[in-house]
Amino acid sequence: MTKHLPAEPAPSSMSKAQRGIGMILCLLTIVLAILDQNIVSSAVVPIVRDLDPVHGIDHVAWLVAAFALGATAMLPLYGRLCDVLGAKQVYLAAIATFLTGSVLCGAAQSMTQLIAFRAIQGIGAGGLMSVTMVVMAHLREPGDKSGPGGLAGLIAGIGMAVGPLVGGLFADHGNWRWIFYINVPLGLVIIAGAVWALRFPRHTARASIDFLGASLAAGFTCALLLVCEWGGTRYAWDSPVIVVLVTAAVAGLGLFLWRQATAAQPILPLSLFRIPTVRTGYVIQGLVGVAMMGAMIYLMIYLQVARGVSSTSAGAYLAFMAIGMTFSGLLDGRLGWSTRTGMATGTGCFAIALGALACTTVDTSLWLVRGELVLLGIGLGQLLGKLIVVVQQAAPPHQLGVATTGIRFFQNLGGTIGAAAFGSLLSRVFEARTGGLLVSGIAHLAPAARPAAVASFVASVDVVFAVAAAVMTVAFLFAVRLREAPQDTTPAEAPRRPGADQPPATAPRSGTVPAEEQTLPVG
């Protein structure tokens with residue numbers, strides 16, 4: 001067993017007021033991130049009508065894809081930058097990039113410009129949630145293990161409920177450009193407050209950054225995301241485009257893993273995966289991403305296709321999941337549960353809610369569906385922030401940034417893969433039940449034929465929910481095995497290579513930090 005080196009020292013130069021203000025700024029940053037994830041969906045129609053009423057609808061998918069590509073591809077690099085340059089500098093840079101993208105999006109004059117600017121905004125957004133969690137880890141009082149879990153669930157729940165509402169208000173009663181401009185005043189307040197309040201130790205030594213590894217990670221991620229976005233929809237799975245993208249994704253992943261195994265300063269050290277708690281946390285987060293995205297997307301489709309609920313009203317159902325997340329966030333910390341109990345409860349509630357949704361029929365009470373969403377939100381609220389804290393406490397302190405952003409990286413990849421896999425599953429099951437009818441063909445059927453097609457569709461959606469419930473059951477099995485690693489020890493690791501991004505075999509007896517990790521407090 002080897003002792004941890006101290007993380008960046010607790011910011012002793014910060015007053016209690018500064019520490020509290022810093023935490024508030026981090027929560028506001030999470031609000032900014034979650035609002036932006038949900039606010040655009042309510043304004044798609046006016047955006048298309050204004051920028052490209054003829055062909056704009058064909059490019060709507062890219063508004064989502066460009067943002068996701070920028071955010072996910074940057075995550076590994078953000079983590080390494082935090083560990084090398086310091087969390088405060090990277091935090092400010094991420095917010096500034098996000099605000100620049102927001103201003104450009106608001107000023108866009110064509111769909112092409114808007115898509116390109118959404119990618120810039122996504123690059124900044126990749127750091128809003130992940131780097132913010134690194135900052136919050138540095139703001140915690142020494143010995144505090146509670147972390148931001150409950151607050152994250154509460155803030156996420158409020159953001160998910162308010163986002164579509166704010167977007168709809170601007171779209172219906174104002175100008176859609178303000179859904180982007182609204183980010184600017186809040187972002188500037190956060191930047192000004194962070195410059196004054198955050199007083200983290202300054203890194204005096206500069207380690208190298210593996211930009212080749214970051215490029216390989218971005219290439220592999222983009223290829224995989226495009227496969228999930230286009231496969232089975234825009235292009236057939238066996239089309240040349242998808243085959244080339246799959247080949248590129250596999251080759252990129254292989255090259256990335258090779259680079260991480262051989263680089264002196266990898267951006268995602270493979271040694272992290274030798275730590276059981278970190279490895280298990282990543283697996284759980286990836287499985288949660290798979291199930292969450294599948295549940296949200298295909299519940300919305302069920303409500304619109306099978307129950308005749310409008311798009312706007314279907315989006316309002318997410319408010320019930322937000323209620324569950326808020327309730328879970330308010331109770332967090334008061335229950336006194338262990339980490340394992342919280343993780344098991346969260347994954348268990350999630351699995352039960354999905355299992356209940358798998359029993360949905362054409363005649364199921366919509367209030368029962370709302371209740372199931374509340375239960376799903378309770379489970380999700382138990383998972384959002386706690387997994388991050390568990391991983392942060394188990395990872396070596398000098399790898400805090402890459403360990404934290406790794407959580408978001410696996411969640412984003414899981415969500416994208418889940419959306420694509422469940423979409424393909426739904427199509428295959430429905431076509432098998434109806435003799436080749438496409439889901440989009442239901443609207444064009446004769447009135448007499450529609451009830452049978454809708455019943456087949458609902459049964460197919462139930463299969464999707466059942467598979468998602470099975471995924472969360474696997475996550476539950478991992479959760480009951482999860483243990484919180486002691487903060488002063490790490491599991492035994494494989495022999496270290498000279499120059500690798502690892503702490504020395506034995507920490508100095510005096511508790512001092514080696515020269516390459518030394519920091520100086522900032523006044």
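Reader: At what angle do helix 11 and helix 15 pack, and how far apart are their axes?

Author: The model is a predicted one, in which local features need pLDDT of at least 70 and side-chain atom pairs count only at pLDDT 80 or more, while totals for chains, interfaces and linings use all residues. Residues are numbered from 1 along each chain as its sequence is written, and side-chain values use heavy atoms, with hydrogens and water left out. Helix 11 (residues 276-307) and helix 15 (residues 366-383) pack at about 165 degrees, and their axes are 13 Å apart. The axes are lines fitted to C-alpha atoms, for helices over the stretch in contact, and angles run from 0 to 180 degrees between N-to-C directions. Helices (H or I, at least four residues) and strands (E, at least two) are DSSP runs, numbered from the N terminus.

Reader: Why are helix 11 and helix 15 called roughly antiparallel?

Author: Angles under 35 degrees count as roughly parallel, over 145 as roughly antiparallel, 65 to 115 as roughly perpendicular and the rest as oblique. The angle for this pair is about 165 degrees, and helix 11 and helix 15 are therefore roughly antiparallel to each other. Their crossing is left-handed; that term applies if the near helix is turned anticlockwise from the far one by less than a right angle, and right-handed applies if clockwise.

Reader: Which residues make the contact of helix 11 with helix 15, and how do they divide by type?

Author: Helix 11 contributes Val288, Met292, Ala295, Leu299, Leu303 and Arg307, and helix 15 contributes Leu366, Val369, Leu373, Leu376, Leu380 and Leu383; contact means heavy atoms within 4.5 Å. These residues divide into 11 nonpolar, no polar and 1 charged. Here Ala, Val, Leu, Ile, Met, Phe, Trp, Tyr, Cys and Pro count as nonpolar, Asp, Glu, Lys and Arg as charged, and the others, Gly among them, as polar.

Reader: What makes helix 11 and helix 17 oblique?

Author: Helix 11 and helix 17 (residues 400-434) pack at about 40 degrees, with their axes 6 Å apart. On the scale of angles already given, helix 11 and helix 17 are therefore oblique to each other. Helix 11 passes helix 17 in a right-handed crossing, and the residues of their contact divide into 14 nonpolar, 11 polar and no charged.

Reader: How does helix 17 pack with helix 18, and where does Arg433 lie?

Author: Helix 17 and helix 18 (residues 450-479) pack at an angle of about 140 degrees, with their axes 9 Å apart, and the crossing is right-handed. Arg433 lies in helix 17. Leaving aside neighbours within four places in sequence, Arg433 is in contact with Ser456, Ala459 and Ser460. Between the C-alpha atoms of Arg433 and Phe457, 24 residues apart along the chain, the separation is 8.6 Å.

Reader: What makes Arg433 count as partly exposed?

Author: Buried means under 20% relative accessible area, exposed over 50%, and partly exposed in between (1.4 Å probe, protein chains only). Arg433 counts as partly exposed because its relative accessibility is 48%.

Reader: How do you know that Arg177 and Asp50 meet in a salt bridge?

Author: A salt bridge is a side-chain nitrogen of Lys or Arg within 4 Å of a carboxyl oxygen of Asp or Glu. For Arg177 and Asp50 the N to O distance is 3.8 Å, and the side chains meet in a salt bridge. The pair links distant parts of the chain, 127 residues apart, with Arg177 in the loop between helix 6 (149-173) and helix 7 (178-181) and Asp50 in helix 2 (residues 44-51). Arg177 is buried, at 14%, whereas Asp50, at 43%, is partly exposed. Arg177 also touches other residues, including Leu51, Cys105 and Gln109.

Reader: How many salt bridges are there by this rule, and what are the values for Arg259 and Asp210?

Author: The count comes to 2. Arg259 and Asp210 meet in a salt bridge at 2.9 Å, N to O. Arg259 lies in helix 10 (residues 240-262) and Asp210 in the loop between strand 2 (202-203) and helix 9 (211-230), so the pair ties together parts 49 residues apart in sequence. Arg259 is partly exposed at 23%, and Asp210 is buried at 4%.

Reader: Why is helix 16 described as mostly covered?

Author: In helix 16 (residues 386-394), 9 of its 9 residues are buried, among them Lys386, Val390 and Gln393. In the protein chain, buried residues make up 53% of the 523 residues.
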